[in-house]
Structures are given as structure tokens and as C-alpha cells.
Amino acid sequence: MDDNLHLNQHTSQKYNEELEDIRSRVLEMGGLVEAQCRKALKALVKSDIDLAEEVATSDYKVNDMEVAINARCTDILALRQPAASDLRVVVSIIRMAADLERIGDEAEKIGRLVKSLEKGRDRTTFRSETKHLGKSALSILNGALDAFARMDVAAAIATAAKDPEIDDEFEALTRLSITHMMEEPASVKSLLKVNWCARALERIGDHAVNICEEVVYLVKGSDVRHLSLSEIQERYL
Amino acid sequence: MSTADANAHGAVPDEAVGLDVQDHVDVAHYETIGEPYVDNAKMSARNVNVYYADKQAIMDVSLDIGENEVLSMIGPSGCGKSTFLRSLNRMNDIIPICEVKGDIRLDGEDIYGSDQDTVLLRARVGMVFQKPNPFPKTIYENVAYGPRIHGLAHSKAEMDEIVETSLRRASLWDEVKDVLEQPGTGLSGGQQQRLCIARAIAVSPEVILMDEPCSALDPIATARIEELIDELKERFTIAIVTHSMQQAARVSQRTAYFHLGKLIEVGDTKQIFTMPRHELTENYITGRFG
């Protein structure tokens with residue numbers, strides 16, 4: 001972790017190890033969640049039912065990691081009574097694990113929806129739009145995890161600043177779906193499913209932004225979850 | 001943030017956002033960080049320097065203790081916190097090689113002034129020590145001793161009243177009311193410490209100084225004393241030196257961190273324990289080697 005948090009400088013070597021352990025576990029969880037999202041997007045874009053099945057049935061691994069991380073964090077709170085930056089490390093990791101778990105759920109949701117999409121042209125509707133949306137969401141998730149690993153506030157804010165684009169893309173895709181639905185009412189059911197996938201991708205972006213906010217909290221000590229992007233940029237850049 | 005309607009929450013007040021630690025300062029910074037002065041100071045110390053022979057134990061410390069507040073002083077062994085505490089009621093006077101320079105005032109009155117009666121001063125600024133030290137007398141006499149030498153009671157009934165009230169305020173009355181004539185030294189450690197607190201408050205002090213009052217007690221006795229401190233602050237001003245940081249965090253409103261005779265940082269207890277601004281404070285409360 002970044003030098004200014006000095007996680008490895010406690011008098012108790014075991015305490016150093018415990019903090020390092022939750023930090024590496026949450027990064028590992030982030031890696032797993034990222035892989036799940038990538039597979040979900042690929043399954044959606046390539047209409048790969050086997051891959052969709054795999055994503056839909058392996059979310060339990062993410063859930064197990066969240067439970068394990070929370071257990072270790074509560075142990076540290078009970079046994080070490082962390083203060084100041086150590087306390088912020090533990091609190092932000094608990095919250096990050098919750099966000100990562102929700103991202104895992106969104107990936108699982110996409111997997112299930114892809115499996116249920118009818119064969120034929122339904123599966124190819126809005127393929128390039130969802131692909132683009134998904135790539136943007138994945139890049140925010142990747143940027144958020146990267147900013148956390150490096151404790152980089154500027155990178156976290158820059159990453160979070162990309163989220164409004166995803167929101168716009170999702171809005172555009174929704175408008176497009178509505179037009180299609182009106183022209184061809186028979187497609188409503190499958191178009192709704194495609195739209196739910198897009199919605200899941202958009203939510204992945206939102207959870208990734210939460211992780212960026214945890215990085216600001218961890219390094220700067222201020223809770224910025226309910227500030228606007230411009231206020232955060234003004235204060236911390 | 002994230003969505004376009006993030007501003008729907010409206011402006012968030014600064015206190016909800018918390019202090020910003022971007023003005024984090026490093027170990028080379030030796031000015032006291034934070035706000036050592038308060039508006040309603042009960043005691044105020046300015047530029048206090050304390051020497052044991054030619055060794056300087058306190059370096060230019062300025063600090064206020066606000067009326068009816070609990071101020072905790074923390075820091076590693078030898079940082080000067082106890083020395084500073086003892087200079088607040090001139091307990092250092094009894095150490096021949098100790099010399100106190102600077103200005104310490106109680107209600108604006110110089111306690112080191114030439115006309116200051118130290119016996120009277122110590123009645124106004126009472127003290128509770130690390131190890132319970134009841135007199136080898138009965139429980140009743142332990143509490144009655146101070147009021148008697150200060151002539152606070154004019155009859156046996158008045159004295160009984162003072163003893164009972166003091167023991168009640170120290171939440172010891174129910175446990176000792178039937179054994180008031182037993183020796184105070186026969187009580188348990190936690191009870192002895194509460195007896196010492198009763199003895200200190202029997203003379204109606206204005207300030208109570210506590211030097212690690214719980215370090216010799218078990219967790220339950222400690223919790224009772226902490227509960228007591230919370231009640232006592234309604235009536236008295238309290239300064240407490242403690243090695244238990246959780247205790248400082250629990251009982252005090254303001255916390256001062258001392259290091260090598262210097263007052264490094266002082267501020268609201270919550271801020272000190274969640275977002276200390278000085279690196280030395282951060283290192284100490286998080287258990288890092290500096």
C-alpha cells in the first residue's frame with residue numbers, strides 16, 4: 001500500500017500481517033469480480049450460453065470471499081481496536097467488500113438473463129451498444145481497484161468522473177429499446193431482458209464509483225459519498 | 001456522487017464531511033497542532049517549562065482546561081504528561097529538584113503567585129493517584145479528614161452529610177454504608193479508588209486531576225470509574241492522564257498528546273482518534289513505532 005499509510009510499521013508484527021491480509025484479500029476479491037464481469041459481458045456479446053452458465057453458477061465464490069473478509073475485519077476491530085488510518089482501512093474494506101459482492105450479483109444476473117434470451121435475432125439486438133456500455137463499466141471497475149491498490153486519490157476521482165458517460169449511454173440505449181418496442185411489440189419481452197443486462201452494467205459502474213469514494217475516505221479521512229463530483233474535485237484535486 | 005442528480009442531496013455541511021487530513025504534518029513540526037485554548041477556561045497554562053535539575057521535562061506547553069470538561073492527556077512513558085498534571089496543583093513543589101516556569105492560572109488567578117496557599121490550592125484542585133492510597137483510617141475518617149482540616153463541617157450531623165454525599169457521588173455509598181468504621185484499606189482495589197475519589201470530592205474541589213486512576217483496576221472497576229467520571233464532569237472540571245487510549249477516547253471531550261516534553265497535538269477527542277493531524281499522534285494511537 002502507499003507509503004503514507006505505513007501499514008507495515010506497527011510495533012506488533014502480527015497486526016501488520018492482519019491488515020495486509022484483509023487488504024490483499026479484498027484485492028483478490030476484486031480480481032475475481034472483475035473476471036466474472038468480463039465473462040458476463042463476453043457471454044452477452046457472443047451469446048455464449050456455456051459461459052453465461054458458468055458466470056451464473058459461480059457467484060458463490062464471491063459471496064464466500066465477502067463473508068471471509070468481513071469475519072477478519074470484525075476480528076481486527078474486536079482484538080486490535082484500530083484507530084485513525086488503521087480504522088479507516090478496516091471500515092473501507094468492509095464497505096468495499098459489500099460493493100464488490102453487489103457487482104458479483106450484477107454479473108450473475110447478466111449470466112442468467114443471457115441464458116434465458118431466445119435464440120435468433122433477439123440475441124444480437126443492441127450488441128454493439130451493450131458491448132460499449134460494458135467496456136466502459138469494466139474500465140471504471142478496473143480503475144477503481146487500481147486506485148485502491150495504489151491509494152491514489154487523483155486516479156480514484158478521475159475514474160469516478162467517467163461514470164456519467166455510462167449513465168448517458170444507458171439512457172440512450174433505453175430510449176432506443178423503447179422505440180423498437182413500439183415498432184415491434186412482439187419483441188418487448190426479449191428487449192426488456194437486454195435492457196436489464198444494460199442496467200446491470202450501469203449498476204456495476206455505480207458500485208465501482210463507491211469504491212473510488214472509499215479510496216478518498218481512506219487516504220483523506222473524509223466521507224465524500226454524498227458530495228457531487230465537482231465538489232470532490234474542488235476539494236481534493 | 002456518480003449520477004447527474006447527485007446534487008439532489010443538497011449541500012452537505014462541513015461537519016458531516018469531517019475534518020480533512022490533507023494538512024497532515026510531519027515529525028519535524030514542533031508547534032502544537034490544534035487548538036489548545038478554549039473560551040471557558042477553568043485552568044490555563046501558558047508557556048510552561050518544567051525542569052528536574054538540569055533536565056527539562058516540559059517544553060513550552062500552553063494548554064487550557066475548559067470548565068466542566070474532561071481533558072485527557074496521553075503519550076508514551078516519560079513524555080511529561082504526569083509532570084504537567086502535577087504542576088497544575090503544585091504537587092511538584094514537594095520534589096526539591098523540580099522547577100516550574102511559566103504561567104498557570106485557576107480562574108485567572110496565578111497559582112504560583114507568592115501569596116498562594118498551596119493547601120487551599122490543593123483543596124480547589126484535588127488529585128486522584130494511580131495506586132489507590134487510602135489513609136490507614138476508617139472509611140468514614142478517610143472522607144471526613146479533608147473537610148475537617150478545612151473546617152467545612154460545624155457539627156457531627158454536617159460531617160455525616162458530607163461523608164454520605166461524597167460517597168454517593170463516588171458511587172460507593174451502597175457498598176460501604178454499613179461498614180463505615182472499618183479500615184479503608186480493607187476494601188477491594190476498585191472500592192479503594194472510589195474511596196479516594198470520594199475523599200477528593202469531599203472538600204468540594206473545582207478541578208480534579210487524575211493520574212492513571214484505573215491502571216491498577218480490573219475492567220469492571222474501570223468501567224465504574226469511567227461512568228463516575230462522566231457524572232462528575234457535571235460538577236467538576238477533570239484532567240486525566242491515562243495510558244489506555246480507549247479510556248481517553250471514552251471519557252474525555254478533548255485530548256492532548258504529549259511527546260518528549262512537548263504538547264504535540266490537542267483537539268476534540270473524536271478528531272484525535274479518527275483523524276489525527278500530526279504524524280506522531282497517528283503513530284502513537286495506532287501502535288506504530290515512530
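Which residues of chain A does UniProt assign to the feature "domain: PhoU"? In this predicted model, the feature falls, according to an unreviewed UniProt entry, on residues 26–113 and 131–215 of chain A; UniProt positions follow the numbering used here, feature names are shortened, and annotations may be inferred rather than shown by experiment. Residues are numbered from 1 along each chain as its sequence is written, while chains are lettered from A and ligands numbered from 1 in the order in which they are written. Local features need pLDDT of at least 70 and side-chain atom pairs count only at pLDDT 80 or more, whereas totals for chains, interfaces and linings use all residues; side-chain values use heavy atoms, with hydrogens and water left out.

Read from the N terminus, the order of elements is α-α-α-α-α-α-α-α-α. Within the annotated feature, residues 26–113 of chain A are 93% helix and 0% strand, with end C-alpha atoms 27 Å apart. For residues 131–215 of chain A the figures are 91% helix and 0% strand, and the end C-alpha atoms lie 28 Å apart.

The C-alpha trace of chain A spans about 70 × 40 × 20 Å along its principal axes.

Two helix pairs of chain A can be described in turn. Helix H1 (residues 13–46) of chain A packs against helix H3 (residues 59–80) of chain A at about 160 degrees, with the axes 10 Å apart. Axes here are lines fitted to C-alpha atoms, for helices over the stretch in contact, and angles run from 0 to 180 degrees between N-to-C directions. H1(A) is therefore roughly antiparallel to H3(A) (under 35 degrees is roughly parallel, over 145 roughly antiparallel, 65 to 115 roughly perpendicular and the rest oblique). The contact of H1(A) with H3(A) (heavy atoms within 4.5 Å) involves 13 nonpolar, one polar and ten charged residues. In this classification Ala, Val, Leu, Ile, Met, Phe, Trp, Tyr, Cys and Pro count as nonpolar, Asp, Glu, Lys and Arg as charged, and the others, Gly among them, as polar.

Helix H6 (residues 153–160) of chain A meets helix H8 (residues 188–220) of chain A at an angle of about 155 degrees, their axes being 9 Å apart. This pair, H6(A) and H8(A), is thus roughly antiparallel. Among the contact residues are A:Ile157 of H6(A) and A:Cys212 of H8(A). By class, the contact of H6(A) with H8(A) has nine nonpolar, one polar and one charged residues.

In chain B, an unreviewed UniProt entry annotates residues 43–285 as "domain: ABC transporter". This stretch of chain B is 37% helix and 27% strand, and its end C-alpha atoms are 26 Å apart.

Definitions and conventions: Helices (H or I, at least four residues) and strands (E, at least two) are DSSP runs, numbered from the N terminus.
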